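Student: I would like to learn how to read cavities, pockets and helix packing in a model. Could we take them in that order?

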Amino acid sequence: MYIARQPIFNTEKRVYGYELLFRRGRESRAFDGSSAAHATASVIAGLFESGIEKIVENKKAFINFDHELIGMDFVELIPPSRLVVEVLEDVEVCESVQERIRYLSKQGYQIALDDFVHDYGSYPLVKEADIIKYDLMATPLNTLRETVQMGLKEKKVLLAEKIESEEEFQQAKAMGFTLFQGFFFSKPAIIGAENRTKTTTKTQYIRLIQELQREEPSFDCLAEMIGQDVNLAYRFIRVISGRTRENSVDSIKKALTYIGLKELERWIHVLMIQELGSDKPQALVQLSLIRSKFAERLAKCSRLKKQQHEAALMGLFSTIDALTDRDMKQALEGVSLSKTVRSALLEEEQGELSDIVEMIKSYEKAQWSSIDRLAKKLNLKPEEVFDCYLQSVDWGKKTMADMV
């Protein structure tokens with residue numbers, strides 16, 4: 001079974017929920033190649049087996065329901081506070097469907113209409129809907145003004161899907177949309193002026209990384225550099241304190257000896273990414289962490305086992321362009337990276353880690369046929385891919401908590 005999640009944001013670019021996209025496994029050609037009922041039953045079973053908190057954390061799960069599933073009582077297995085019932089656009093509306101939707105609504109479930117293209121005034125499920133989703137590829141914003149006004153007048157929550165740029169996000173927000181779905185948040189918004197605070201912080205991290213990459217790094221030098229930045233020192237000690245059995249960490253140098261140089265380098269990279277993303281959506285920083293662990297796990301379980309550390313670093317730095325609002329080449333200036341990692345970030349379709357790069361992006365977009373092809377190339381089973389992803393989501397959540 002595969003389960004991928006795509007974040008849904010509010011107007012502040014904070015995660016409101018996750019749409020869960022899924023299929024049963026390699027035997028299915030694609031999501032729409034298998035019964036929606038069986039696929040949704042699989043994902044709900046998966047939610048219970050894996051733990052819903054691991055997949056959607058404390059957010060809402062948006063799950064697609066077709067005509068058959070709407071009538072089944074296992075919907076109620078998931079509490080109303082955690083589930084949004086997303087009615088597919090091709091559901092044939094009859095009296096029994098309307099009655100069932102009314103019942104679920106009274107039980108406290110939010111009802112969403114997926115990829116809405118119907119006439120707002122006459123579509124029978126509009127009255128019960130809490131959320132109406134518009135695919136901006138199928139229904140561009142300039143065609144929705146009248147419909148949007150009708151929805152806002154009736155206090156509907158409007159969700160814009162396939163937002164691909166900051167400009168689209170701002171336009172949709174200005175029109176009255178309050179929920180947004182797409183990859184706009186992970187793309188850089190190129191700006192003219194450089195943020196000096198970030199540049200200073202980045203320079204400090206680069207000095208640490210350069211020292212770590214020396215043939216014989218000095219614990220004294222590392223401790224001194226960390227101690228020169230109170231914010232970095234505080235965050236570093238917090239992270240290390242959660243990973244030692246000692247009652248206290250009484251010096252930066254002692255903290256360094258607890259974790260060792262390899263683990264230190266990893267955490268310096270993680271802290272750097274988190275610092276650079278301080279004014280960005282937290283979901284973007286978390287995406288970096290998830291990609292890092294996902295890339296590492298995929299490599300470790302595949303024919304690229306010896307490159308798991310480089311894969312982790314590649315995944316972590318894969319959003320540095322969006323975090324710094326510069327293109328990738330500019331963002332990597334002055335950052336000491338191996339040729340393999342740099343090649344993977346700058347030339348995604350080439351190099352030794354190209355299959356890992358493609359797998360990560362295919363999984364995030366739920367491109368199941370590409371995932372099957374890449375899993376075969378990497379000598380991975382479908383269940384291994386999902387296990388790697390689930391572990392990565394859980395690690396990303398815990399790591400974010402450590403850095404608060």
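Tutor: Keep in mind that this is a predicted model. Cavities come first: a search of the whole structure finds two of 30 Å³ or more.

Student: What is the volume of the largest cavity, and which residues line it?

Tutor: A cavity is a space where a 1.4 Å probe fits but cannot get out. Here the largest cavity holds about 100 Å³ of space. Its lining consists of R291, M314, G315, S318, M328, A344, L345, E348, V357, I360 and K361.

Student: Which helices supply at least two residues of that lining?

Tutor: They are α12 (308–316), α15 (339–346) and α16 (354–364). The largest share, three residues, comes from α16. By class, the lining of the largest cavity has six nonpolar, two polar and three charged residues.

Student: What lines the second largest cavity?

Tutor: V87, L88, E89, L113, D114, F116, H118 and Y123 do. The second largest cavity has a volume of about 30 Å³, and its lining divides into five nonpolar, one polar and two charged residues.

Student: Now pockets. How much space lies in the largest pocket, and which residues lie nearest its centre?

Tutor: A pocket, unlike a cavity, is an open set of points. In this model the largest pocket has about 930 Å³ of space. Of the 40 residues that line the largest pocket, Q6, L21, Q181, K365 and A366 lie nearest its centre. Two or more lining residues come from each of β1 (2–9), β2 (15–23), β7 (157–163), β8 (179–182), α11 and α18 (382–403). The lining of the largest pocket comprises 18 nonpolar, seven polar and 15 charged residues.

Student: Which residues are closest to the centre of the second largest pocket?

Tutor: The second largest pocket has a volume of about 430 Å³. Among its 22 lining residues, K262, R266, H269, H309 and L313 are the closest to the centre. The elements giving two or more residues to this lining are α10, α11 and α12, and the largest share, seven residues, is from α10.

Student: At what angle do α10 and α11 pack?

Tutor: Helix α10 (residues 252–276) and helix α11 (residues 282–301) pack at about 155°, and their axes are 9 Å apart. Angles over 145 degrees count as roughly antiparallel, so α10 and α11 are roughly antiparallel to each other. Their crossing is right-handed.

Student: Which residues meet there?

Tutor: From α10, R266, V270, I273 and Q274 meet Q282, V285, S288, L289, K293 and E296 of α11. This contact has four nonpolar, three polar and three charged residues.

Methods:
Residues numbered from 1 in each chain as written. Predicted model: local features only at pLDDT ≥ 70, side-chain atom pairs only at ≥ 80, totals over all residues. Heavy atoms only, no water. 1 Å grid on protein atoms, 1.4 Å probe; cavity = no way out; pocket = protein on both sides within 12 Å on 5 of 7 lines; lining within 4 Å. Points joined across faces, edges and corners; volume = space filled by probe spheres on them. Helix = DSSP H or I, 4+ residues; strand = E, 2+ residues; numbered from the N terminus. Nonpolar A, V, L, I, M, F, W, Y, C, P; charged D, E, K, R; others polar. Axes fitted to C-alpha atoms, helices over the stretch in contact; angles between N-to-C directions. Parallel < 35°, antiparallel > 145°, perpendicular 65-115°, else oblique. Left-handed = near helix turned anticlockwise from the far one by under 90°. Contact = heavy atoms within 4.5 Å.
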